[in-house]
Amino acid sequence: MKKLFLAVAALGMLATACTKDDAVSGGTESLVSFTIDSPELATRYGEGTTATNLEWAFYDENGVKLDAISGSINNFGGSYSLTVELVDGRNYTALFWASAPDAPYTVNWDDKKMVVGSTLTANNEGYDAFYKHLSINNTQKTYKVELTRPFAQINI
């Protein structure tokens with residue numbers, strides 16, 4: 001009888017211990033704001049105006065993508081404001097990617113990799129793209145994200 005009681009008590013403790021693992025721990029949540037801007041270019045070709053698709057992904061300390069706060073817009077006009085809720089005291093990584101709608105790039109957000117299609121032509125404004133990798137320690141509540149070009153641009 002004593003062994004049965006201990007077994008039932010152990011099962012009860014295990015059941016309550018498992019439910020605590022599912023809860024968010026480590027602090028309270030707070031809002032963190034991001035202002036995403038593409039660079040202002042003073043060139044005659046390749047101003048970056050075709051990069052109207054903006055995508056972003058957030059990752060936790062273990063590199064796991066946080067689908068609830070990752071997203072995209074398809075009318076990026078060079079500036080966008082984004083606010084997400086993050087747990088205080090935790091470290092995060094954010095990736096931002098802006099490209100033209102018909103750009104030959106495929107981004108795999110889970111693996112954090114980008115692949116370029118094989119059929120490319122010279123001087124195609126549709127290949128325009130910008131990116132930013134950002135480490136977030138969640139003590140700072142506002143970030144200015146300046147997107148940069150991942151590829152070289154030659155102006156002739």
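**Chatting through the strands and cores**

Q: What order do the strands take in the open sheet of three strands?
A: The order is 4-1-9, and the pairing in this open sheet is mixed. Keep in mind that this is a predicted model.

Q: Which strands stand at the edges there, and why does each have a side without a neighbour?
A: Strand 4 and strand 9 are at the edges. Each has a single partner strand, so one side of each has no neighbour in the sheet.

Q: And how much twist on average from one strand to the next?
A: The average is 25°.

Q: Okay, strand 1 and strand 4: parallel or antiparallel?
A: Antiparallel, over nine bridges. Within that pair, Ile36 sits opposite Tyr80 of strand 4.

Q: Remind me what holds paired strands together in general?
A: Strands of a sheet pair through backbone hydrogen bonds, and they can run parallel or antiparallel.

Q: Switching to strand 2. Is it mostly covered or mostly open?
A: Mostly covered: strand 2 spans residues 53-59, and six of its seven residues are buried.

Q: Which strands does it pair with?
A: Strand 5, residues 92-99, pairs with strand 2 in the antiparallel sense over seven bridges. Strand 3, residues 71-73, also pairs with strand 2 in the antiparallel sense, over three bridges.

Q: What stands opposite Tyr59, and what stands opposite Glu55?
A: Tyr59 faces Thr93 in strand 5, while Glu55 has Ser72 of strand 3 opposite it.

Q: Now the inside. Which residues touch the most other members in the largest nonpolar core?
A: That core has 24 residues, and the ones touching the most other members are Phe34, Ile36, Phe58, Phe96, Ile136 and Leu147.

Q: Which elements give two or more residues to it?
A: Strands 1, 2, 4, 5, 8 and 9. Strand 8 covers 129-136 and strand 9 covers 142-146.

Q: What about a second core?
A: There's a separate one of 10 residues, and its members include Ala57, Tyr59, Leu95 and Trp109. Tyr59 is the residue that stands opposite Thr93.

Q: Last topic, the surface. Which residues form a nonpolar patch?
A: Val116, Leu120 and Phe151 make up a patch, with about 240 Å² of accessible area together.

Q: Where is Leu120 found, and what's its relative accessible area?
A: Leu120 is in the loop between strand 7 (113-116) and strand 8. The relative accessible area of Leu120 is 45%, so this residue counts as partly exposed.

How values were computed. Residues are numbered from 1 along each chain as its sequence is written. This is a predicted model: local features need pLDDT of at least 70, side-chain atom pairs count only at pLDDT 80 or more; totals for chains, interfaces and linings use all residues. Side-chain values use heavy atoms; hydrogens and water are left out. Buried means under 20% relative accessible area, exposed over 50%, partly exposed in between (1.4 Å probe, protein chains only). Helices (H or I, at least four residues) and strands (E, at least two) are DSSP runs, numbered from the N terminus. Two strands pair if DSSP finds at least two bridges between them. A nonpolar core is a set of buried Ala, Val, Leu, Ile, Met, Phe, Trp, Tyr and Cys residues joined through side-chain atoms within 4.5 Å. Patches are made of residues with over 30% relative accessible area and no salt bridge: like charges are joined within 9 Å, nonpolar side chains (Val, Leu, Ile, Met, Phe, Trp, Tyr) within 5 Å. Accessible areas come from the Shrake-Rupley method with a 1.4 Å probe; for residues, only the protein chains shown count as cover. A salt bridge is a side-chain nitrogen of Lys or Arg within 4 Å of a carboxyl oxygen of Asp or Glu. Axes are lines fitted to C-alpha atoms, for helices over the stretch in contact, and angles run from 0 to 180 degrees between N-to-C directions.
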